[in-house]
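Here is a short briefing for a reader who is new to this structure.

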Amino acid sequence: MAKMTIQQKLAILSDAAKYDASCSSSGGAKRSSRDGSGLGSTTGSGICHAYAPDGRCISLLKILMTNVCIFDCAYCINRRSSNVQRARFTVDEVVWLTTEFYRRNYIEGLFLSSGIIKSSDYTMEEMVRIVEKLRMDGFRGYVHLKTIPDASPELIERAGLCADRLSINIEMPTDAGLHSYAPEKDATGIRKAMAKVRTTREDRSDPSHTGRRRKGYAPAGQSTQMIVGADGSSDADVLGNATRLYGAYDLKRVYYSAFSPIPDASEVLPLKDPPLLREHRLYQADWLLRFYGFTLHEVVPQGGDGLLDLDVDPKLAWALVNRDRFPVDVNAAPKDMLLRVPGFGTKIVDRILAARRHSALSLEDVRRMGGRTKAAMPFVIARGHVPGRVLDSADLRDRFVKPKQLELF
Amino acid sequence: MFAPRLPRLGTLAAWRDAARALAGAGIEPAAVDWGLEGGAPAMFADPLPPPSAGVTAPKLLADMLPHLVPERTGRGMDVAYRLLMRSQLVRGLMSNRADADVATAFAIAKALRRDIHKMHAFVRFRDVTPGGHDGRRAFAAWFEPDHRIEEVTGPFFASRFGDMDWAITTPEVRIVFAGGTLSYVAGAFVRPDDGDPLEELWTTYYRSIFNPARLKPDAMRAEMPRKYWRNLPEAQAIPDMIATARHRVTAMQATAPRPPAQAVPAGRNVEMKDAFQNDLFGATDLGTLEREAEACTRCPLHGPATQVVFGEGPSGAEVMFVGEQPGDQEDLQGRPFVGPAGQLFDQIMSEAGLDRSEHYVTNAVKHFKFNLRGRRRIHQKPATSEVKACRWWLEQELAQVDPKLCVAMGATALGTLTGNAAGLLKRRGSFERTKDDRPVLVTVHPSYLLRLPDPELKQAETDKFRKDLEKIPEFLSN
C-alpha cells in the first residue's frame with residue numbers, strides 16, 4: 001500500500017472524530033505570546049472560527065491520533081469490526097497541522113482523541129507525548145485531551161499538566177446500555193478516571209507547602225458525552241445520570257449527542273435520522289438544572305414516561321402544569337421565581353432586578369432588555385399588563401405549539 | 001451647533017477629549033453633530049470649547065466607550081455623549097436597561113462586540129514568508145469589518161501571534177505587527193487575490209468534520225453570515241456540502257451492515273466479571289476478594305457510586321476497624337477513611353499510640369450512598385437491606401484477616417458485627433462478642449465527633465474516643 005498523504009490521513013481521522021460533540025475552547029487559564037517567545041493565546045472565552053453546514057461550530061482541530069481500535073463498541077465508527085479505512089498520525093504531523101492551522105487563525109487549538117491501540121497506557125502515553133511536544137515548541141493555544149479509561153495515574157497527571165481540558169465519555173446513559181453496546185468498556189473504569197481527574201485537580205489547586213500556587217492542572221476542567229437515541233434510555237435516565245456526574249466529578253459540561261447514522265454501521269443500531277430535537281430539549285433541561293434552580297423531578301415528572309415534551313421547551317412545560325405558581329409580578333417577585341418564567345433567561349432576570357429599582361417595568365421595557373415577552377405574557381404581571389384568564393384557558397398550550405412540519409430538519 | 005471632526009486613527013481618545021470639552025461647557029447633545037475628518041462637512045460649526053477636566057463618565061459607560069465610538073454611522077458617538085450628559089444628573093442611569101438611551105447603547109455595544117468577535121474568528125492569514133524581521137515568519141490577511149474596530153482588535157492578534165510578523169488589512173486601515181511592535185496605518189486599500197497552499201488542507205478538514213446527518217444550514221448562516229464567506233477559503237465548499245448531504249445519509253442508511261473484512265481479534269475478556277460472580281467461594285486472598293467485590297451487584301448502591309471501596313491493611317492484622325460506609329472522598333479515591341472523618345481517625349489513632357498501617361480498616365457497606373443537594377453529594381445512611389447484602393463481604397474479610405479484635409465504630413458497624421445496633425452510647429468502651437464469637441470493642445464513628453456543634457462536648461467526646469482506642473494495645477498485650 002502506498003504511503004498515505006497527510007491530506008488523506010486528515011480526511012480519515014477528522015471524519016472519525018466528528019461524533020464527539022464538544023468543541024468548546026472556553027474556560028481555563030489566560031495565556032499570551034505578546035512577548036514573542038511562543039505562539040498562541042487563551043482569553044478564557046472561546047472563539048468559533050468557522051461553522052459547518054450542520055450548524056456546529058469549529059473551534060478546535062478535532063482529530064483522532066489513530067482510528068485503529070481494539071474495542072468493538074456498536075455505536076462507534078472506529079470499532080474493530082468496522083470496514084473503515086485506518087490511519088495513524090505521527091507526533092510531528094499533529095504538531096505541524098495544529099501550529100500551521102493556528103498560525104493562519106483557522107483554529108483555537110487541538111482536540112485530540114484516539115482509538116485504543118495495544119493498551120490504555122500505551123495509547124494515553126502516545127497522546128500525551130504529542131501534547132507535550134506541542135507545549136515544548138511554545139504552543140499556548142487551547143488543548144482538549146481525551147483521557148483513556150484505565151490509564152495509569154501518572155499519565156493522567158501528565159495529561160492534565162499539558163492540556164486545558166480533559167474528558168472521558170460515559171457513552172451510554174446507563175451502565176446496562178454501556179454493557180450491551182460496548183461490552184469491553186467498563187462504566188466503573190470510566191467513573192474512576194473521572195474521579196482521578198477531580199481529585200488531582202483538587203490536590204493541585206491547594207497551595208504547596210511553600211505557599212505558592214502550583215501549576216494549573218486541566219484549568220478548563222473536565223467534560224463528558226452521552227449518546228442519546230441509540231438505546232432505549234429515557235430522558236429521566238439521561239438527566240439523572242448527568243446530575244450524578246456533575247455532582248460527583250465536578251464536570252464543566254455533559255454533552256448529549258444524538259445518535260446519528262454512521263457509515264458501515266453495526267446491525268444492532270437504529271439507522272434513523274438523529275433525534276436532534278430531543279438532543280436540544282436535553283440541553284435546555286440541563287441548563288434548567290444547573291442555572292435555574294430546577295430539580296430533576298420538576299423537569300422530568302416522576303410516574304410519567306420519563307421523556308421531555310418535544311413540542312414545548314421544558315421550562316414552558318413546567319409552567320403549563322404548574323399554573324398555580326403564576327402569574328409572577330415582574331416588579332415584585334423574588335429572583336428564583338423570575339427564573340421560572342418562560343422567556344426569561346438568567347441575564348434578563350438580572351437586568352429586571354437592576355432596572356426595577358429605578359421604575360416599575362412594563363412588558364415593553366422587559367422586551368427592550370431582551371426578554372421574550374411573547375412567551376412570558378400569559379405568566380407575568382407588569383406595569384399595564386395583567387394576563388387575565390389566558391393563564392387558565394384550556395388552549396394555552398396550543399398557543400405555543402407550532403403546527404407539525406412534515407420533516408423536522 | 002458644534003461639529004467635532006475626529007481622526008480615523010485614535011478616534012476614541014479624540015472623542016473623549018471633545019466630549020469632555022463639550023460637556024464641561026454644558027452643550028446639549030442635540031447641538032452636537034459627531035463625525036470623522038474627511039466625512040460630511042458641518043454646515044454651521046462653532047469652534048469647540050476649551051478642554052475641561054470637570055466631567056467624568058460613570059464606570060459602566062466608560063467601559064462601554066470602545067464598543068460605542070467605533071460604530072460606523074455615528075449613532076454610537078451620539079448616544080455615548082447623550083448618556084454622558086444624562087449621567088451627570090441621574091445616578092445609576094446605566095444600570096436601568098429599561099431606559100431607551102441605555103437600551104440603544106447596549107444594543108450598539110452588542111453589535112460592536114459581535115463584529116469584534118467575528119473579526120477575531122474569521123480573519124484568515126496567508127503565509128508571505130520571507131518578509132518578517134530577524135527571520136520571523138510573515139503573514140497577511142484581508143478583512144472587512146462592519147465597524148471601525150481595527151484599533152480595538154489589534155491587541156488581541158498581537159498577543160495571539162506574538163512570534164510572527166503579520167498585517168491585517170481592511171478597506172480603511174492596515175494593522176501591522178512587525179518585530180513585536182503594533183502599529184496602524186490609515187489609507188484606502190483593496191482586496192488582494194492571493195491564497196495560501198494550506199487552504200486545501202483546511203478545506204479537507206472542514207468537509208470531513210461536517211456531519212451530513214445533522215444538516216442545519218440556517219444555524220450555520222446565523223453564526224457565519226454570507227457576507228463573510230468570500231474571505232473564508234473553506235466557505236467555497238459549502239454549496240456542494242449542502243447539496244450532497246441528504247444523498248450521503250440515505251446511502252449510509254441503505255447500506256446493509258457488512259461483515260467485518262478480516263477476522264476480528266478478541267479484545268479484553270468480556271466474561272471476566274461473570275466469571276468472578278461464579279467463583280466467589282474460591283477466593284483465597286484479599287486482593288482477589290477486592291477484585292471480585294468490584295463486580296458486586298448484590299444491592300442497588302453499585303449504580304450511582306464510582307467504585308467499590310474495599311478494606312485496606314495487612315492480611316495478618318491483629319485488629320480490624322469497621323466503619324459505616326465510604327463518603328465522597330473515599331468514593332473518588334477508592335480507599336477507606338481518607339476523607340475528613342478518616343483524617344481525624346488517623347490523628348487520634350496516632351495519639352493513642354496506634355499505627356494505622358499495621359491494622360485492617362474497612363466499612364460495613366462498601367459503596368457510597370448519597371443524596372444530591374444541588375451539585376453536592378450528601379451522605380445517606382445505608383438501609384438495613386444494603387447492610388445485610390454487604391455483610392457477605394465483611395464476613396469474607398473477617399475470614400481472611402482473622403483478627404484478634406474487631407473495633408465497631410458507630411451503630412451500623414455494631415449492628416452488622418453483633419446483630420444488635422441499639423444503645424451505642426451506653427455500650428461504647430466495652431468489649432462484646434461478634435456473631436462469630438470474636439471480641440469486639442464498641443465505640444463511636446469519628447464522623448460523629450465532626451458533627452457535634454458544641455466545641456466543649458466535641459472535645460470531651462474526642463477524648464472518650466481516644467480512651468476507647470487506648471484500650472486496644474492493652475487488650476493485645478493480654
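**Briefing**

In strand 11 of chain B, B:I378 is the residue that stands opposite B:N371. That pair belongs to an antiparallel pairing of strand 10 (residues 370-373) and strand 11 (residues 376-379) of chain B, made over four bridges. The model is predicted. The predictor gives the complex an ipTM of 0.92 and a pTM of 0.88.

**Confidence in chain B**

- Chain B has a mean pLDDT of 90, and 94% of its residues reach 70 or more.
- Residues 262-282 of chain B have a pLDDT below 50. Beyond near neighbours in sequence, this stretch has 17 contacts in the model.

**The hairpin of strands 10 and 11, chain B**

- Two residues lie between strand 10 and strand 11 of chain B in this hairpin.
- B:G374 takes a positive phi there, near 60°.

**The five-stranded sheet of chain B**

- Five strands of chain B form an open sheet in the order 3-4-5-6-7, with mixed pairing.
- The edges are strand 3 (126-127) and strand 7 of chain B. Each has a single partner strand, so one side of each is left without a neighbour in the sheet.
- Strand 5 and strand 6 of chain B pair in the antiparallel sense over four bridges. One bridge joins B:A167 to its partner B:V176 in strand 6 of chain B.
- The hairpin of strand 6 and strand 7 of chain B has two residues between the strands. In its turn, B:G179 has a positive phi of about 60°.

**Two faces of strand 6, chain B**

- In a regular strand the side chains alternate between the two faces of the sheet.
- The covered face of strand 6 of chain B holds B:V173, B:I175 and B:F177.
- The uncovered face of strand 6 of chain B holds B:R174, B:V176 and B:A178.

**Helix 5 of chain B**

- Helix 5 of chain B packs on the sheet and touches strand 5, strand 6 and strand 7 of chain B. Its direction makes about 150° with that of strand 7 of chain B.
- Its buried residues are B:E150, B:V152, B:T153, B:F157, B:A158, B:S159 and B:R160.
- These buried residues of helix 5 pack against helix 4, strand 5 (165-169), strand 6 (173-178) and strand 7 (181-186) of chain B.

**The six-stranded sheet of chain A**

- Chain A has an open sheet of six strands, in the order 3-4-5-6-7-8, with parallel pairing.
- Strand 3 (60-64) and strand 8 of chain A stand at its edges. Each has a single partner strand, so one side of each lacks a neighbour in the sheet.
- On average, neighbouring strands of this sheet are turned by 20° against each other, direction ignored.
- Strand 5 (residues 142-146) and strand 6 (residues 165-167) of chain A pair in the parallel sense over three bridges. A:L145 stands opposite A:L166 in strand 6 of chain A.

**Helix 8 of chain A**

- Helix 8 (residues 276-291) of chain A has 16 residues. From its first C-alpha to its last it reaches 22 Å, close to the 22 Å expected at 1.5 Å a residue.
- Its buried residues are A:L276, A:E279, A:R281, A:L282, A:A285, A:D286, A:L288 and A:L289.
- The buried residues of helix 8 pack against several elements of chain A, including strand 7 (222-228), helix 7 (235-249) and strand 8 (253-258).
- A:G293 follows helix 8 of chain A and has a positive phi, near 75°.

**Where chain A and chain B touch**

- The contact takes 69 residues from chain B and 78 residues from chain A.
- Among the elements of chain B that give two or more residues to this side are helix 4 (100-122), helix 5 (150-160), helix 8 (238-254) and strand 11.
- The residues on the chain B side divide into 38 nonpolar, 16 polar and 15 charged.

Key. Residues are numbered from 1 along each chain as its sequence is written. Chains are lettered from A and ligands numbered from 1 in the order in which they are written. This is a predicted model: local features need pLDDT of at least 70, side-chain atom pairs count only at pLDDT 80 or more; totals for chains, interfaces and linings use all residues. The expected span of a helix is 1.5 Å times one less than its number of residues. A residue is buried if 20 or more other C-beta atoms lie within 10 Å of its own, exposed if 12 or fewer, and partly exposed in between; C-beta atoms are placed from the backbone. Two residues are in contact if their C-beta atoms, placed from the backbone, lie within 7 Å. Two strands pair if DSSP finds at least two bridges between them. Ala, Val, Leu, Ile, Met, Phe, Trp, Tyr, Cys and Pro count as nonpolar, Asp, Glu, Lys and Arg as charged, and the others, Gly among them, as polar. Axes are lines fitted to C-alpha atoms, for helices over the stretch in contact, and angles run from 0 to 180 degrees between N-to-C directions. pLDDT is the predictor's confidence in each residue, from 0 to 100.
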